[in-house]
Amino acid sequence: MKIGILSSGGDCPGINATIRGVGKTAIMHYNMEVIGIHNGFSGILHKDVQALDERSLSGILNLGGTILGTSREKAFRKLIIPDDSHSSIISERYAELELDCLVCIGGNGTQKTSNLLSELGLNVIGIPKTIDNDVWGTDITFGFDTAVNIATEAIDRLHSTANAHKRVMVVEVMGHHAGWIALYAGMAGGADVILLPELGFDIDKVNAAITERAAKGKPYSIVVAAEGLRTARGETTHNAGYIASKIEKATGIETRETVLGYIQRGGNPSPFDRNLATRLGGHASELIAGRRFGRMVRMNGDEVSSIPLSEVAGKLKLVPPHHDLIIQGGRMGISFGI
Ligand code: F6P
């Protein structure tokens, strides 16, 4: 069998570990031919590919980014799935490349497109990827653990400078519309306030919590805010500066903001993400060998399994309001701004 691997959507640490997991298992255990498709779905449209072999798959386990490059698939969705949806240029390219299966490493958008291609009759396997951890159907995505490690280290560092100046520090973390990174890094980093898109927030409640801390002799506070927060002004992203100005004005305490941004997607994957990527990649090859197409590999607890792409497409996995970390944080005096 000949399989093509692509990475699509935002990059994250662990993509190369996944490419290695799929590729080495396919080549060494199942004797398959493997090609790498460059820059996401555009690489199929332009037949921009490279052969992958044991040599090209060596030395990439710990590398961040993606050796294949990536792109946002929205730009290609119209090309990929034209209105008539009876045929598509991507089906032609898939046939011209003589592929027996297409492995799509990506987040929500990629898995939605993967399902569309599967419905068109292509043999497709999805592998969930994102620092946001918001892909429905899997308990965790690779990239998330590394991003939480990066964000937590940043929050740890902000405690000392906030303490030195008796300031409030507002830290904005990524996560798109989900608050998984904010919740896990906020709790791990000992934040005093954690603001999640799923819960919303009342700035007056935030200010009251900070003022109460100051009254108890705790002169600095750490506020972790998910980038996807919806504020009273209706903005849904990048609110750290707005929130910081509101806090400083209401509490009289000097407040500064830090936006972690793309640092959370850079650098080498954590050991946890390397092994998670390896497990998911290996299982993808197992599904291909068994000709079980149209599925996304996933973690169900600590078990690697798979579900139909049709069950994943178009859904989002958000933080449940009664997540035990939220309950536990509340019991320990951490404010969630509600
Ligand atoms: O999906 C990963 C992610 O980093 C989100 O957390 C963030 O909102 C988005 O990608 C940024 O997208 P782009 O890389 O296109 O700016």
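In this report, helices are DSSP runs of H or I with at least four residues, strands are DSSP runs of E with at least two, and both are numbered from the N terminus. The model is predicted.

## Domains

The domain assignment of the protein chain gives two domains. Domain 1 is made of two segments, 2-143 and 269-312, while domain 2 is given as 147-265. Their centres, taken over C-alpha atoms, are separated by 35 Å.

Eleven residues of domain 1 and ten residues of domain 2 are in contact across the boundary. About 800 Å² is buried between domain 1 and domain 2, and carbon and sulfur atoms give 49% of that area. On the domain 1 side, the residues that lose the most area to domain 2 are Asp11, Ile131 and Asp132, which together account for 55% of what that side buries.

Strand β4 covers residues 101-106, and six of its six residues are buried. Cover is found on both faces of β4. One side carries Cys101, Val103 and Ile105, the other carries Leu102, Cys104 and Gly106, and all of these are buried.

β4 pairs with strand β1 (residues 2-7) in the parallel sense, over five bridges. Within this pairing, glycine 4 has leucine 102 of β4 as its bridge partner. β4 also runs parallel to strand β5 (residues 124-128), to which it is joined by five bridges. Here isoleucine 105 stands opposite isoleucine 127 of β5. Between β4 and β5 the chain passes through helix α5 (residues 108-119), and this β-α-β crossover is right-handed.

Isoleucine 125 has arginine 295 as its bridge partner in β10. Of the six residues of β10, five are buried, so that the strand counts as mostly covered, with buried meaning under 20% relative accessible area.

β10 pairs in turn with β11, this time in the antiparallel sense and over six bridges.

Serine 305 lies in β11, which spans residues 303-308. Because its relative accessible area is 14%, serine 305 counts as buried. Its side chain makes a polar contact of 2.7 Å with the side chain of arginine 298. Leaving aside residues up to four places away in sequence, serine 305 touches His283, Met296, Val297, Arg298 and Asn300.

## Loop residues with positive phi

Most residues other than glycine have a negative phi. Asparagine 31 has a positive phi, near 55°. This residue lies in the loop between α1 (15-29) and β2 (33-37). Asparagine 31 counts as exposed because its relative accessibility is 68%, the cut-off for that class being over 50%.

Arginine 291 likewise has a positive phi near 55°. Its place is the loop between α10 (271-289) and β10 (295-300).

Leucine 45 lies in helix α2 (residues 42-45). With a relative accessible area of 6%, leucine 45 is buried. Leucine 45 and isoleucine 90 are 45 residues apart in sequence, and their C-alpha atoms are 6.0 Å apart in space.

Glycine 267 is found in the loop between β9 (255-259) and α10. Its relative accessibility is 44%, so glycine 267 counts as partly exposed. The C-alpha atoms of glycine 267 and threonine 146 are separated by 9.0 Å, although the two residues are 121 residues apart along the chain. Not counting residues up to four places away in sequence, glycine 267 touches Pro13 and Gly64.

Technical notes. Residues numbered from 1 in each chain as written. Predicted model: local features only at pLDDT ≥ 70, side-chain atom pairs only at ≥ 80, totals over all residues. Heavy atoms only, no water. Buried < 20%, exposed > 50% of the residue type's maximum accessible area, 1.4 Å probe, protein only. Polar contact = N/O pair within 3.5 Å; in protein donor to acceptor, adjacent residues only side chain to side chain. Contact = heavy atoms within 4.5 Å. Pairing = 2+ DSSP bridges. Right-handed = clockwise from strand over helix to strand, strands pointing away. Domains from an automatic or database assignment. Buried area = accessible area lost by both parts, 1.4 Å probe.
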